[in-house]
There are 2 protein chains.
Amino acid sequence: MKVKRNPDHTRDALLAAAFDEIHAQGFRAASIDKILARTGVTKGALYHHFPNKAALGQAVVNEVLFERMQENWQRLNDADSDPVSLLLAMIDDAIAHADRDTVALGCPLNNLVQEMAGLDEDFRECLNKVQSAWRTALAAALTRAQQNGTGRPGLDCNQAAAFIVGAYEGCVGVGKCGVGTEVFTTCLRGMADYLHTLRPATALQANC
Amino acid sequence: MKVKRNPDHTRDALLAAAFDEIHAQGFRAASIDKILARTGVTKGALYHHFPNKAALGQAVVNEVLFERMQENWQRLNDADSDPVSLLLAMIDDAIAHADRDTVALGCPLNNLVQEMAGLDEDFRECLNKVQSAWRTALAAALTRAQQNGTGRPGLDCNQAAAFIVGAYEGCVGVGKCGVGTEVFTTCLRGMADYLHTLRPATALQANC
DNA sequence: CAATACATACATACTGGTCGGTATGTACAC
DNA sequence: GTGTACATACCGACCAGTATGTATGTATTG
């Protein structure tokens, strides 16, 4: 029942398998041969669709990773509830659904940033597009929070957005060191404490 | 004037060169041959001192990385000034001394954690020793702050310590994505904002 | 004190395996 | 029939690791 030729499907299959392999092994340790074995695609086909390994990796970032992460962020801006509560809910969700394997794998974006951003300028650029889109979406959400009264007035939203991205990636990162999910969840709970401080100071200061 | 034999010096030279190579390339991409070329040590000598590459890498973590990082933490506990101010000063210092190359290299501990913690149990274990020692030192400092009145009373110190470690590593991590030091420093300034919330609420709530 | 014995500390040359990449050929679709 | 979409076989480079040999320092013994 296998279709003889389907270039789009072939390309997508390669991107998906490359994403998984790179997520698990990192880009440089990702094996072209393993990606081929996983998909059943041959080397000739791969090098027909991508000029070299770097182009494959960057296509994974631009086409798979970027879109996958955008699905998460846009939740921040299409709802009309307050963004800080949304962020807290996402933290709770991450804590609730954390399991050993996903913690060990880490964030695919952060993994690549740590490995490649300092080594390859092209990689750094397309990774930066993903990460800065994240920061921008977060900053917009925080600005919206200020406007609808659910965000602390004095807050520097761009600065806070940068920190939130960094802190979250950091929580996922240090979580890898723990035996199970403990370090990860503890770290996230500390982050939840921080997120509460992004709210207007009314509730906290009621007892003074 | 070269001393004919000096096993301790040979071993130290290998560890130092391995640290640099691993810091720059990661563990798996670190080349034994390049470490040898850098030191002038031969392969026979290296494999006399270390049974294999993994043992060399773990020795780097246990002997070089651990001690190097401990020098930074013990500042938190030997002074009698308040720890939160010390942390803020360290952030300021990091911002002031940040340069393009160090940001691109990233934190040697975090680099290794991201690369190896999920892949190799032995590595994870010795990296965890370094990182948990950091968390412990931080938690102790925060507890001390609570005791001498410079720390917020209700704070869960272990949780906050975990978050601080994660957030800082995250700031260094996402900083790699930026063109220069901008993302890194913005992120750290956001972190400084967080650190202020660890203080007792007196100063902030004075205007209510 | 000197000769011997032995372990430590290297040095050199090589191996098998994996890697990304390519050269060349073929079958399908329009 | 002509370009696209594959398939196969192969290449040189590099890799960690090893087999083997040698020089050096040190303890032992006569």
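Leu36(A) counts as partly exposed, because it has 17 C-beta neighbours inside 10 Å; a residue is buried if 20 or more other C-beta atoms lie within 10 Å of its own, exposed if 12 or fewer, and partly exposed in between, with C-beta atoms placed from the backbone. This is a predicted model, in which local features need pLDDT of at least 70, side-chain atom pairs count only at pLDDT 80 or more, and totals for chains, interfaces and linings use all residues. Residues are numbered from 1 along each chain as its sequence is written, while chains are lettered from A and ligands numbered from 1 in the order in which they are written.

**Around Leu36(A)**
- Leu36(A) is found in helix 2 of chain A; helices (H or I, at least four residues) and strands (E, at least two) are DSSP runs, numbered from the N terminus.
- Setting aside neighbours within four places in sequence, Leu36(A) is in contact with Val41(A), Thr42(A), Lys43(A) and Leu46(A); contact is counted if the C-beta atoms of two residues, placed from the backbone, lie within 7 Å.
- Asn158(A) is 122 residues from Leu36(A) in sequence, and their C-alpha atoms are 42 Å apart in space.

**Chain A as a whole**
- Chain A has 10 helices and 0 strands.
- The C-alpha trace of chain A spans about 70 × 40 × 35 Å along its principal axes.
- Of its 208 residues, 40% count as buried.
- Among contacts in chain A between residues at least 6 apart in sequence, 66% join residues at least 24 apart.

**Helix 10 of chain A**
- The 15 residues of helix 10 (residues 182-196) should span 21 Å at 1.5 Å a residue, which agrees with the 21 Å between its end C-alpha atoms; the expected span is 1.5 Å times one less than the number of residues.
- Buried residues in this helix include Phe184(A), Leu188(A), Met191(A) and Tyr194(A).
- Their cover includes helix 5 (83-96), helix 6 (100-105) and helix 9 (157-175) of chain A, together with helix 9 and helix 10 of chain B.

**How the two chains meet**
- A rotation of 180° with 0.0 Å of shift along its axis superposes chain B on chain A, with an RMSD of 0.0 Å. That is the relation of a two-fold axis; copies are superposed by least squares on the C-alpha atoms of residues with pLDDT of at least 70 in both.
- The same surface serves both copies, as 100% of the contact residues of chain B recur in chain A.
- The contact takes 43 residues from chain B and 43 residues from chain A.
- Helix 9 of chain B gives the most to the side of chain B that touches chain A, with 13 residues.
- That side of chain B has 20 nonpolar, 17 polar and 6 charged residues; Ala, Val, Leu, Ile, Met, Phe, Trp, Tyr, Cys and Pro count as nonpolar, Asp, Glu, Lys and Arg as charged, and the others, Gly among them, as polar.

**Around the DNA**
- Of the 21 residues around DNA strand C, Ser31(A), Lys53(A), Thr42(B), Gly44(B) and Ala45(B) come nearest; a residue is near a strand if its C-beta atom, placed from the backbone, lies within 6 Å of it.
- Helix 3 of chain B gives the largest share of the surface near DNA strand C, 4 residues.
- For DNA strand D, the nearest of the 21 residues around it are Pro7(A), Gly44(A), Ser31(B), Ile32(B) and Lys53(B).
- Helix 3 of chain A gives the largest share of the surface near DNA strand D, 4 residues.
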